[in-house]
Amino acid sequence: MTTLRTILWFVVAAAAMLGAVWLAERPGNVTAEWQGWRLDTSVGALMVAVVVLILVSIGLWLLYRWIVGAPGALLEGWGESRRRRGYRELTQGLAAVAAGDGVEAQKHARKAEQLLSEPALTLLLSAQAAQLTGDRDGAKKAFNAMIEDEQMAFLGLRGLIGQALRDGDQGKALALAERAFKLRPQTPWVVHSLFDMQAQAGQWKAAQETLDAGVRRKVVAADKGRSLKALLEVERSREAEQEGRAEDALSLAREAFGLAPERIAATERLAALQIKAGDGKKAMRTIERGWAVAPHPDLVPLYLEAAGESEALKRVGVVRKLAGQNPTDIESHIALAEASLEAGLWGEARRHLETAGGTNPPVRVCRLMAEVEERAQADPAKVHDWLAKVADAPADRSWRCTACGAHHEAWRPVCESCGAFGTLQWRTPGTYGQILPPEQQIALQAAPALAAPTGSSPPP
C-alpha cells in the first residue's frame, strides 16, 4: 500500500512538472477589464492565482463547518464518554455478580443507571444485585419492570418464576411459566419446567400438550417423549377411573402400555384394569410382556391373581412361567425362590437364591436365605450368619429418581424431592442413567444465570 501511494505521488508530481514546463514554453498575456479596472498578467500567474483562490475558499468553508458543528460535536463526545463510563460500570457490576459480591454489584448498578439510558441492561444488573443482597422487593420490582420491555420480558418472567418457586407459590409460578412458554416455546428450560409444574398440579392433559410441543420442536428426544407420554396416560387412566369412565381408563392404559411396555407403571396399570374387567388371560399376557423387558416384584402378585391359582405348589409353576420370560434377571430368581418358600420347597428356594445372589448377594437375598434356613429348621448359626451379612450386603433395587437420586418406597409419577415427572426408575444405587437434565431442578432459581439463559436438550 505504501509503495502504491509513493508511485501515485510521483505520478502527480511528474504531471505538475510537465504542466509547468508546458506553460513556460508557451508564454502569453491575459488582460481583463472590469468597472474601469484593467488587469494585465501572464497565463501562469493567473492559473496560480486561481488555484490559490480555490484553496482559500475550501479552507474558509471547512472553518465555517467546524464553527457551526463544534457545539454538537462537543455534546456528542460528552455523550459518548458518558456511555463508555456507563458500560464500564455495567461490566464491573456483572463481574461483581459473578463473584457473588452483592454490595459492590448494587453500587455499580446505580452508577450504570445514572450514566446509561438503556434500562433493559441496567435492570438485569439491578435484579441480580438485589437477589445477591437478599433484597426480594428490589429484585421483584426490577423483574416486573423487565416484563414491560419486549426484549427483556422473557428474562423478567424467568426471574419471577424463580421467586415464586422459592416462595412456594406453585400457582403463580405455573401461570408465569405459561406466559414464558408462549414467548419462547422452543427454549428447553421453559418446556421442562412448565411440564413438571403441570404434572405436579395434576394437569395431565395440559402436560401432554406441552410434551408434544417439546417433541415437535426437538426440545425433547422422541424416545424419551414417548416414555413420558406413556406415564401421562397412566395418570389420565387413573383419573378416568376415579371419574367412573371405565372404558376410557382401560383405553388410556392400553395406549400407555403400547407406547412404553418397559415402564413398570404402564404394565401394572393395564394388568390391574384387565383383572378388574374379569379378563385374567389378557392380564397374564400383559404382565409377561412387561416382565420380559422390566421385571418387578409388584407384578408377581398381579400375575398370580390373574392366574387365579391358590394352591402353593401350583403357584410355583405359574411363577415359573412368568420367570421364563426373563430367566436371567435377579427378579425372576427371587420370585421363584419366594414361591418355592411358600410351597415348602426349601432346596429349590435355596438354589434360586444362590443363583440370584452370586458371589455378593444383596440385602433381599440375604434376608430370604435366612428365612429359608429358619423355616427349614437348619442350623441356627446359618440363620445368624445370613442376617449378619445384611449389614454389609449391596443395596437392593429400589425406586430412585434419576434427576436427583432420591429414594422412594413406591413408584409415584412425580418425585417428592425435586418435583420431576417420570424420573423414578427401578434400579440399584449408582446404576441409573440420567433421564432429566439437572438444570430442570429449578433452573428457575438461577438468577445469576439470567445473563446467559441455557438451553438443554433432554426431556422435561
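**Rings and charges**

I started with charges over rings: the charged end of Arg184 sits over the ring of Phe154, 4.4 Å from the ring centre. My test for this asks that NZ of Lys or CZ of Arg be within 6 Å of the ring centre and within 35 degrees of the ring normal. Lys389 does likewise with Trp386, its charged end sitting over the ring at 4.2 Å from the centre.

Ground rules, before I forget: this is a predicted model, where local features need pLDDT of at least 70 and side-chain atom pairs count only at pLDDT 80 or more, while totals for chains, interfaces and linings use all residues. Residues are numbered from 1 along each chain as its sequence is written, and side-chain values use heavy atoms, with hydrogens and water left out.

**Aromatic pairs**

How many aromatic pairs does the structure hold? I get four, pairing rings of Phe, Tyr and Trp (its six-membered ring) if their centres lie within 6.5 Å, with planes under 30 degrees apart stacked, over 60 edge-to-face and the rest tilted.

Phe195 and Phe421 have ring centres 5.4 Å apart and planes at 80°, so I logged the pair as edge-to-face. Phe195 is in helix H8 (residues 188–200) and Phe421 in the loop between strand E4 (407–408) and strand E5 (424–427), so this pair ties together parts 226 residues apart in sequence. For helices (H or I, at least four residues) and strands (E, at least two) I took DSSP runs, numbered from the N terminus.

Are Phe195 and Phe421 buried or exposed? Both are buried, meaning under 20% relative accessible area, where exposed is over 50% and partly exposed is in between (1.4 Å probe, protein chains only).

Next I looked at Trp204 and Phe421: centres 6.0 Å apart, planes at 50°, so the pair is tilted. Trp204 is in helix H9 (residues 204–216), and this pair links parts of the chain 217 residues apart. Trp204 is buried at 11% relative accessible area, and Phe421 comes out at 0%. I noted Phe195, Trp204 and Phe421 as one aromatic cluster.

**Helix H17**

I checked which residues of H17 are buried: Ala349, His352, Leu353, Ala356 and Gly357. Down the axis of H17 they fall within an arc of 130° (taken from the directions from the helix axis to the C-beta atoms), so they line one face of the helix. What covers them includes helix H16 (330–342) and helix H18 (363–375). Last entry: just after H17, Gly358 takes a positive phi of about 65°.

Methods:
Contact = heavy atoms within 4.5 Å.
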